[in-house]
Every structure is written in C-alpha cells, then in structure tokens.
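Here is a short briefing to read beside the structure. Keep the 3D view open as you go.

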There are 2 protein chains.
Amino acid sequence: MRVGIDIGGTKCLGVMLDPEGEVVAEARVPTPSTTLTLLDVLVDLTTRFDQPSSLGVGFPGLMNSNGEVGASAHLGEVQSEPLRARLAARLHDLDFDFPVVIDNDATAATLAEWKVGAGRGVDDLVMVTLGTGIGGGFVFGGRLYRGARGYAGEIGHAVIVLDGRPCPCGRRGCWERYASGTALAEAAGTATGEDAVVAARAGDPAAMRAFADFTRAVAIGLANLVNIVDPAVIVLGGGLIELGDELLEPVRADLAAVLYGAEHRAIPRIVPAELGERAGAIGAAMLPERQSTGSR
Amino acid sequence: MRVGIDIGGTKCLGVMLDPEGEVVAEARVPTPSTTLTLLDVLVDLTTRFDQPSSLGVGFPGLMNSNGEVGASAHLGEVQSEPLRARLAARLHDLDFDFPVVIDNDATAATLAEWKVGAGRGVDDLVMVTLGTGIGGGFVFGGRLYRGARGYAGEIGHAVIVLDGRPCPCGRRGCWERYASGTALAEAAGTATGEDAVVAARAGDPAAMRAFADFTRAVAIGLANLVNIVDPAVIVLGGGLIELGDELLEPVRADLAAVLYGAEHRAIPRIVPAELGERAGAIGAAMLPERQSTGSR
C-alpha cells in the first residue's frame, strides 16, 4: 500500500495506492510556507494512512536525486534543505521504516500520466501542467528523463519574452508569466484563471483578449518544446484543462500557426491529462518502487 | 572508408574517415540552392573519394528517419523531397552500391562531438552550433536523441522574444535571430559575426553593444535549454567558438545570471566543440554504421 503526497501551491494531497495502482484512500491539508511546518504536514498526512509500505513526495521546485531541495519559487524558505533525509528521520522516530523518495512534482505527475494516464504506451512525450506556475516532465525513448542532476522540466522558467514580465524566480519573461492560470487571471483582472474564462464566455472584452493572449502564449511555449525535443504526444494538465476543447482547440490552432515547418510535419497530438489533480500524488506513490527496481 | 558530407549554408564539406575514425581526405564545393544541383553536388563530392564504403549526409533542416526533407529554412526548394532515395538512386546509376543515410546536420555534428570530440563520455549533453543559424542536438541518458519523428534539436527556432524580429522561417522572435553569427553581424552593421568582433575589439560602440547583446541572447537561450533538459555539459560549436574565452566567459557569466535557481545548482559546463567545421561531416560519416548496428 504505497502512499504518495503532492505538495501543491495551496494544498498537500495524499493518496494511498493498492497493489493494482488504484487509489484506495486520500487526504488533504493546506500547504504551509516553512520547512518545519512542511515536515509536520508531510508526517501528519502520512500517518493518516493505514500501514503504508512506502512514501513518495512530489515537490514544487528543483529537487536533486538525493532528495535535497535546489530551489523553489513558491517555498522560499526550504532552499538547500536535505528534505528527504529529514522527513525519513522524522518518520523513523515514529517507527515508520519504509522507503521515502522525493522528486519534482511535475516529474511525479509525468510518471503517473505515462504509466496509468493519458500517455500510456508513448515513448516520447512531454507533460505540461498549467497551474499556479507551469511544470513539465519528459519521457524520452521510453524512459522517464530527469536530466543530469534531476532538474529537467523547469519549462515554466524558459524565457519567451526577453526582458518581459518579472517572475517570482527573479528573472523576466518566463513562460509561466504568460501561460499559467495565474497569468491568465492577472491579465483578465480576475481572481483565478477559471474566473477569467467565465468572464470571457460572458463576453467581457478584457477577459476575451486575455484568454486569446493566454492560449497563444501556451502555444508558443509548446511550439518551443516541440522544436526542441520533438515529442509524439503532449499531455496537458492543470486545473484549466477541465475546459476541454474550449482550451485545446485554440491551443492546437495556435500551435499549428507557430510551429517551425508545421506544414511539412505531423504536429504532435495534444491530449488532456487523465488523472486530474491526483496525477502528482499518484506518481509520487510510484516513485519508491520505480527507484528500488533500478528502472529509469 | 566511410564518407560524410555536411551541407553548410555556403559550402558542402566532404570527408573520408579511415577505420580508426581519422580524416584521411576531404573536399569542398559551394552549396547550391536547388534540389537538382544539390544532388549533383553530393554525387560529385562522393565520387571524389576513393572507394567509399558508405555515405552519410548532414542536412540543414528537418529530415525524417526515411531521409525525406521536412523543411529547410535555407534550402527552400528541397522541401518534401525524398532526398535519400534520390541520392541513392543516382549513386546506384554510377555503380556505387553502399549504404546512404541522411540526417539533420546538427544531429550529425552532435554524434561526432559526443563520440570523438568535446562530449566524449558524457551521458546528458546538448550541442549548440552558432552559425548562420543555430543548430542543436542532444544526448540523453547515453543515447543520441532524435525525437519522435527525428526533428528534435531545432533550438534556433525556439522563440525567446514573443512578436520579436522576423525570421526567414516565417515566424518571429526565434533565438537564432538574436544569437547566431548572422544576428551579431546584423546588429553590429558588419558583414560577418567575426567582423563584428573585430570592430568591438577596436572599441566601436555599436559593435561592442551588439556583442554584449549577442552573448546575453546566447546565454538566455542556453538557460532555457538547461531549464528544460538539464544537461551535464553544453558543447558550443560554430565559427564564432574560435574566439575562445572572449565568447565563453561572458556567456558563462550571463548564464549564471539568468539560470533559474543558479545559486543552488551546479551550472552545466560549457565547453567549446573540438572538431571545428568538420564536426558535421565527421558525424555524417558515422551515421550509416550507427544505423546498421541498430544502436540509437
């Protein structure tokens, strides 16, 4: 009975998977903003499940293969923390002695969508999650790809506008400042990206313009990824994906318009993620087994 | 005795490799602009070598795994041509019956630098060639990565300036409009990128500004690649790389300044390509053997 926890921008979601990979229990708590309380929350969530056999955690930021935090734009205080070791020690003190693995949240979500979601059977795929920021993960040649240091997939911080909008990461013009739910809400003057969509549907001109700019920015970044790594499939995730074709149709049209050589190549399929908000937690639960069997 | 030909922006360079991989002969001719004359040139170059056992060709544009041209920004007329099949047929007519393989020129150069150049022994690397345009190639997890359709590495057409400078590819803001030798020359008002460097060294203010903008644009694009695929090493090639530290030092400094989480991560090494203008031809010569042994 594997437990996985996804640390989100606002909540931590925990799930327990049975041996067949089905979610048999879940729990959620608000995401704290400091290391200490983050550890408390992770321990608390884990102990809510009955007899876990392993724990995987999806972390929103750079996480190396030793489970040490490289950086997190949203959890500033936890930088450079040996989070995995601390969490394992805390659980050990409570007599929980099972494998603990921490990896990037988007990497975990990619693993889940590839193994049991929208990317099943695809050897070369890119997963893109449009949430508070933009996360990404890759499968190349039939293997989950983490990069040389485990930091691959920080696609939200690829610059698409030189000297553009400031980003909490300290730089300017990052893709996620134009193509995340947050960016859509800011441009439309609404509280959330979903609100912006409602306003656009109602004919609000600013919201309609913001939505058109948003889908075009999504497409530009996807085109960049296609030009760079040429996946067979792009799995699009995040809350806004529930819009379905209302989002996918303009993105597909914009992608065809901006992709290099689009008229002479098959454009990668863009498919919606299937596991919804649980993708990260499900994939996190799959991390320890994957690591222990030595598969990449 | 394997022959490789690199189709460059201005010239086609052919080399012959002995069984140990050493270049034992070379020849060059100007690059033509139509399919028909391109075939003539490739046949002519090949027949200048003594008893070739295979032919590999590096092509400047999208090339699928059947050797059919997807697109080429610089060789407009050859789009959608079954170039490999036509070339093999022409050689067959001359009683040359050996394996003929065509792949993207940057993919070929990446293979050469990885196998016998600056990237020897590296499992995760990005090769970036700053020439007339910008080409790229990848090694991921110890395997040459071509993408789902063989089109990976079109990094010069990743957009870094939304609605920026027009590109011959028909889009705007492509990286190579800011970070290629051509872009440097245009910004400095000189004939070539090398001329711009000479003018900058002489204290010409416009050239100095152009060079600073150029190195920063190179760094922004490299930072994007690092954020996306997290290589251990970046191999930088192209004519301007002969500048050595005059180019590499500002690029490394700019990269450290713009990389997400740079203060908390090891920044990938940036190393100059070792095979110079021959990289593409040497790698092209290695393509047929690689393909016939089934290695990726």
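The points below cover the two domains of chain A and then a sheet in chain B. The model is predicted. Chain A splits into domain 1 (2–107 + 278–292) and domain 2 (121–274). In chain B, five strands form an open sheet with mixed pairing.

**Domains of chain A**
- The centres of domain 1 and domain 2 of chain A, taken over C-alpha atoms, are 26 Å apart.
- Contact between them involves twelve residues of domain 1 of chain A and 18 residues of domain 2 of chain A.
- On the domain 1 side, β5 (62–63) and α3 (105–116) of chain A each give at least two residues.
- The largest share of that side, three residues, belongs to α3(A).
- By class, the domain 1 side holds five nonpolar residues, six polar and one charged.

**Sheet of chain B**
- The strand order is β3-β2-β1-β4-β7 (chain B).
- β3 (23–30) and β7 (100–104) of chain B are the edge strands; each has a single partner, so one side of each lacks a neighbour in the sheet.
- From one strand to the next, the twist averages 15 degrees.
- β4 (residues 54–59) of chain B runs parallel to its partner β7(B), with five bridges between them.
- B:Phe59 sits opposite B:Asn104 in β7(B).

**Helices on the sheet**
- α2 (residues 83–93) of chain B packs on the sheet and touches β4 and β7 of chain B.
- The direction of α2 of chain B makes about 150 degrees with that of β7(B).
- α3 (residues 105–116) of chain B lies across β1 (2–7), β4 and β7 of chain B, at about 100 degrees to β7(B).

Terms used:
Residues numbered from 1 in each chain as written. Chains lettered and ligands numbered in written order. Predicted model: local features only at pLDDT ≥ 70, side-chain atom pairs only at ≥ 80, totals over all residues. Domains from an automatic or database assignment. Contact = placed C-beta atoms within 7 Å. Helix = DSSP H or I, 4+ residues; strand = E, 2+ residues; numbered from the N terminus. Nonpolar A, V, L, I, M, F, W, Y, C, P; charged D, E, K, R; others polar. Pairing = 2+ DSSP bridges. Axes fitted to C-alpha atoms, helices over the stretch in contact; angles between N-to-C directions.
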